[in-house]
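Dear colleague,

Please find the structure below, followed by notes on what was found in it. I would be grateful if you could read the two together.

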Amino acid sequence: MTRVLAIESSCDETAAAVVEDGRVLSNVVRSQTDIHATFGGVVPELASRHHLGAVVPVVRTALQKAGLGERLEGLDAIAVTEGPGLVGALLVGVQMARGLALAAGLPLLGIHHMEGHVFSAFLGDETRPAPPFVPHIALLVSGGHTEIVEVAGLGRYRVLGATRDDAAGEAYDKVAKILGLGYPGGPIVDRLAAEGNGATHNFPRSMADRDSLEFSFSGLKTAIMVHLERQGAPTSRAALADLCASFQAAVVDVLVLKATKAVLESGYGRLHVVGGVAANKGLRAAVTAAGAKHGFAVEVPALRYCGDNAAMIAAAACARFQAGALGGVEIHTSRPLDDERLRIA
Ligand code: KG4
Ligand code: ZN
């Protein structure tokens, strides 16, 4: 049995969690979105400052909720997101984790944020036991990343395709900003899209006809801007909902098309959709339908594990600890998932 306390502070969520062999004992997330909403996006300097104020109470609450009080003796290791992310933000979590590990004499594991997202599909809690780690194709969709990854095993990742420009979540956030809907845009656009008709406007499905697994979302954003210039801003909620639904249909179509292609070519017969955008209702429905149509299994984490959290970081750390992979911490802003550092010797 392995019990890990993890801290996540790579972007605008300060999070801590205690996980035992993939089973979540506590999962505390303090979001800063209110602070950044005023600016329409994450302000790195503000993010670091608010992580500093939040990290101690968030860790303390995670320990208490896991029934550990303030005691670290019941843990086997401390884990922390080491990157990719904002350096100043990462540093806060890393320094806290270093301090705790040193004080308690516990090993410290630096975890790749996207490996954490991969493990969000293997979490167990009161709703289900932690499923065993199995090879699959992962569609990783967040605010900073959009990629299709072959997950052959722990630390055996191959990036099959990624976005050439904007990430899917970034496209949602930018389109929401253009429409003056607020930040973060994903959940707002998703809600409006549910009320609209996605066939109203035919926005481009970028790179859909290419034989690659790469994505591009900046053209779609431009298409929306051109549309607004020509036709003006939507004047009713129904027209706004149709616009959001049409944008969402364009994003979801390409994500599902490429993910389906990857799964069918891989032979794994299993697709996991993870990351903040995996919370999207339209995407969840479309991947489930694609799985049913083509006969592959689909796993989408519970909503609370889609956005940034520390439970997923702890789960990855549990697996790495059990594999004897105790690599310490190296802060980075952009290592890919198939970087040498993630391989297990
Ligand atoms: O994984 P995440 O919490 O942070 C990153 O690692 O980036 O993802 C955040 C992104 C944001 O761009 C947000 O707008 C998007 O996920 N998002 C959504 C939804 N909920 C969050 N996008 C579309 N539909 C949603 N329901
Ligand atoms: Zn994330």
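V87, L91 and I331 make a nonpolar surface patch of about 210 Å² (patches join residues with over 30% relative accessible area and no salt bridge, like charges within 9 Å and nonpolar side chains within 5 Å; a salt bridge is a side-chain nitrogen of Lys or Arg within 4 Å of a carboxyl oxygen of Asp or Glu; areas are Shrake-Rupley values with a 1.4 Å probe). Of these residues, V87 belongs to helix α3 (residues 87–104) and is partly exposed, its relative accessible area being 42%.

This is a predicted model, in which local features need pLDDT of at least 70 and side-chain atom pairs pLDDT 80 or more, whereas totals for chains, interfaces and linings use all residues. Residues are numbered from 1 along each chain as written, chains are lettered from A and ligands numbered from 1 in the order written, and side-chain values use heavy atoms, without hydrogens and water.

The zinc ion (ligand 2) has H113 (NE2), H117 (NE2) and D308 (OD) as protein donors, 2.1 Å from it (donors are N, O and S atoms within 2.8 Å of the metal, or 3.2 Å for Na, K and Ca; water is not among the atoms, so sites may look incomplete). H117 in helix α4 (residues 113–119) and D308 in the loop between β10 (297–299) and α10 (311–322) link distant parts of the chain, 191 residues apart. Both H117 and D308 are buried (under 20% relative accessible area; exposed is over 50%, partly exposed in between).

T163 lies in the loop between β8 (156–162) and α5 (168–178) (helices are DSSP runs of H or I, at least four residues, and strands of E, at least two).

Yours sincerely

Key:
Buried < 20%, exposed > 50% of the residue type's maximum accessible area, 1.4 Å probe, protein only.
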